[in-house]
Amino acid sequence: MRESQKIMKSETTKKGNIGLLAVAQEALKRGYIPSFPMEGTIYDLVLEKEGIFYRVQVKYVTPYKGSLFVKFDSTQGQNTQKYTVKDIDAIIVYNPNHETFYWIPIVFSKESLTITLRLFEAKNKQKKGVHRAEEFIQW
């Protein structure tokens, strides 16, 4: 692995860890009990509330042009694995610029490989096929 790849990977890992800890802290504030897997799993943590458990994948996503672009897969080196309802229950997106969190049920992965969450109304006023980020704020 080249030095530039190591730096890039460590920066990605660092952002992932920041997002994971931010989500765990927010989950506690919202009445969930976060648990972290001891072995390698496709999900990052488990959230429990009132006896119901949710397998969650955390995504650290910085806004670009007023949107959050979220992929429904994980890439480890050359391998890419698409998330399915068998693997996880939801993706929680952490937006570090606004310190906000969005719960995306994994059933949305059936529609597409990605989802775009609009933080603001589209300039062209498009509504069809647009997912407003505020629709995913409750969890």
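**Close-up views of a predicted model**

**View 1. Arg132, Glu134 and Glu135 are joined in a network of salt bridges.** The model shown here and in the following views is predicted. Glu134 is exposed, with a relative accessible area of 53%, while Glu135 counts as partly exposed at 45%. Arg132 counts as partly exposed as well, its relative accessibility being 42%.

**View 2. A salt bridge connects the side chains of Arg30 and Glu26.** The N to O distance is 2.9 Å. Arg30 is partly exposed, with a relative accessible area of 25%. Glu26, at 16% relative accessibility, counts as buried. Side chains of opposite charge can pair when their charged atoms come close. The structure holds five salt bridges.

**View 3. Glu48 is buried yet has no salt bridge.** This residue is found in strand β2, which spans residues 45–49. The nearest side chain of opposite charge is that of Lys49, 10 Å away; a salt bridge would require a separation within 4 Å. A polar atom of the Glu48 side chain lies 2.7 Å from the backbone nitrogen of Gly51. Leaving aside residues up to four places away in sequence, Glu48 touches Gly31, Tyr32, Ile33 and Phe53.

**View 4. Five strands form an open sheet with mixed pairing.** The strand order is β1-β2-β3-β7-β8. At the edges are β1 (33–35) and β8 (100–105), each of which pairs on one side only. From one strand to the next, the twist averages 30°. Strand β3 (residues 52–60) pairs with strand β7 (residues 90–95) in the parallel sense over five bridges. Lys59 has Val93 in β7 as its bridge partner.

**View 5. Three strands make up an open sheet in the order β4-β9-β10.** Pairing in this sheet is mixed. The edge strands, each pairing on one side only, are β4 (67–71) and β10 (131–132). Between β4 and strand β9 (residues 114–118), the pairing is antiparallel and runs over five bridges. Val70 stands opposite Ile115 in β9. Strands of a sheet pair through backbone hydrogen bonds, either parallel or antiparallel.

Key:
Residues are numbered from 1 along each chain as its sequence is written. This is a predicted model: local features need pLDDT of at least 70, side-chain atom pairs count only at pLDDT 80 or more; totals for chains, interfaces and linings use all residues. Side-chain values use heavy atoms; hydrogens and water are left out. Two strands pair if DSSP finds at least two bridges between them. Helices (H or I, at least four residues) and strands (E, at least two) are DSSP runs, numbered from the N terminus. Axes are lines fitted to C-alpha atoms, for helices over the stretch in contact, and angles run from 0 to 180 degrees between N-to-C directions. Buried means under 20% relative accessible area, exposed over 50%, partly exposed in between (1.4 Å probe, protein chains only). Lys and Arg count as positive and Asp and Glu as negative; His and the chain ends are not counted. A polar contact is a pair of N or O atoms within 3.5 Å; within protein, one must be able to donate a hydrogen and the other to accept it, and residues adjacent in sequence count only if both atoms are side-chain atoms. Contact means heavy atoms within 4.5 Å.
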